Amino acid sequence: MILSSFSVVTSSVLTPLLASAVGVESEFYAKALAAAVAFVTVVVFLFAQLFGELAIRLSLPAVLGELIAGFILGVSGIHCIVLGNGGEVADWTVAAVQLISGSDTTTIQEVFAGPIRILLNQYAELGVGVLLFKIGLEADLEELIKVGPQAASVAVAGVILPFVAGFVGLTSIFHLSAIASIFAAAALTATSIGITSRIMQDMGVLNTKEGQIILGAAVLDDILGIAILAVAIGIAEHGTVEISSVIGTIVSATLFVISAIVLNKVFGPRYINFLSRFSNPYSVLIGSIIFLSLMGTIANVIGLEEILGCFAAGIILGNTKATAALEKACEPLVALFATVFFVSIGAKTDLSVLNLANPESRTGLVIAAFLIVIAILGKLAAGYFVFSKENVNRLAIGTGMVPRGEVGLVFAGLGATTGTLTGSLNVAIVLMVIATTFVAPPMLRWVFASNQTVTNQEQQPVAK
């Protein structure tokens, strides 16, 4: 993931420069590019810091503030950064970069439409990759193995319950087509492991029993969600379901995760010992980044999400003598790139779908309300499918599975690309993603805080 992202970024930036003759034209383009990169970088991190701090002061995770910063900066706000198909950046942004660089407006618009957009998208991918790598490092593998059956039961329930309820409701109540209902119901099955893990990490509950079950179930959710998405795309594009492709996806993903657990014992310590022999003090970090990129590439080659490969890389290199040092070294990378990732989610979301004057939007709002209820209740109910004799907070587990985040947007995007989603249904899915992403942080904080209060009260000695 990391090496491929750098190659894309490098080509996107250098190609226009090399294509231009060496002279005034290339000089203006280079100045516009440098000024735009500097301007966007300052604005993104300034807004992320301001709203992240505001969220923390309101006892909410910083990620929520970063999402709000993205809404303000993106297509729903001031158009300072435009990702996807959101149009052009605002005139005041162009004017600011023009003041700094002295380039013409046409060149600046080209820079924002090309290199800047690619840079932000690729850095966002780097962010979620490094974040999940760090989460993999921090994951207590022995505890993950212990909670494997519980995580599996939560994941299966968290996929089946919302999918079935969503599909039946969309076809019987709203009379939507079967394929459109499959795509929308499939979006309900997703769990944003990036957002969920970041929230729990900020709250310091990632390594609790509940946190490990949520993390394991979120990984399994992605595996099952990919299989369902493959089914939906197969129906949309070919009119048939390729069972062999679905089975192959499930098998390859399962073997991939199992292999990571095995490699943690037989490869991880040896690889770290090998890197430690070099005199370069950064050899372990550099070698780990190379391994991270390799695992992401392998996952992509076998038809899985690259983020699953990044998480697996963290698992493999976890519980070694270099784990603590790697976690510390990853912190600045997470602070930089993961911030871009969460801001980009908000920046891509078009809140103009809330326009009640548009009949299609009103229909979408009704469907969205239905999807939001199913999305939340389906995951909350899944938390109660934890088969454990221990006293675990089932409500917290279900709540941790609620946010869809970028994963849900992927489902919506692919559905729109295939042409199977109507405008109102696409609106509804986007609103469901927004609602579940925003409702999860305060819910998680409340359920974990309530559980901690009960635990403390139980531990207090009884007065005689």
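This is a predicted model: local features need pLDDT of at least 70, side-chain atom pairs count only at pLDDT 80 or more; totals for chains, interfaces and linings use all residues.
Residues are numbered from 1 along each chain as its sequence is written, and side-chain values use heavy atoms, without hydrogens or water. Local features need pLDDT of at least 70 and side-chain atom pairs count only at pLDDT 80 or more, while totals for chains, interfaces and linings use all residues.

**View 1. Packing of helix α12 (residues 268-276) with α13.** Helices are DSSP runs (H or I, at least four residues), numbered from the N terminus. The two axes, lines fitted to C-alpha atoms over the stretch in contact, come within 8 Å and cross at roughly 135° (angles run from 0 to 180 degrees between N-to-C directions).

**View 2. Residues between α12 and α13.** Y271, I272, L275 and S276 of α12 meet S283, V284, G287, S288 and F291 of α13 (contact: heavy atoms within 4.5 Å). By class, five are nonpolar, four polar and none charged (Ala, Val, Leu, Ile, Met, Phe, Trp, Tyr, Cys and Pro are nonpolar; Asp, Glu, Lys and Arg charged; the others, Gly among them, polar).

**View 3. Packing of α13 (residues 283-301) with α14 (residues 306-317).** The axes lie 7 Å apart at an angle of about 135°, which makes α13 oblique to α14. The crossing is right-handed. From α13, the contact uses S288, F291, L292, M295, G296, A299 and N300; from α14, E306, G309, C310, A312, A313, I316 and L317. This contact has nine nonpolar, four polar and one charged residues.

Definitions and conventions:
Helices (H or I, at least four residues) and strands (E, at least two) are DSSP runs, numbered from the N terminus. Angles under 35 degrees count as roughly parallel, over 145 as roughly antiparallel, 65 to 115 as roughly perpendicular and the rest as oblique. A crossing is left-handed if the near helix is turned anticlockwise from the far one by less than a right angle, and right-handed if clockwise.
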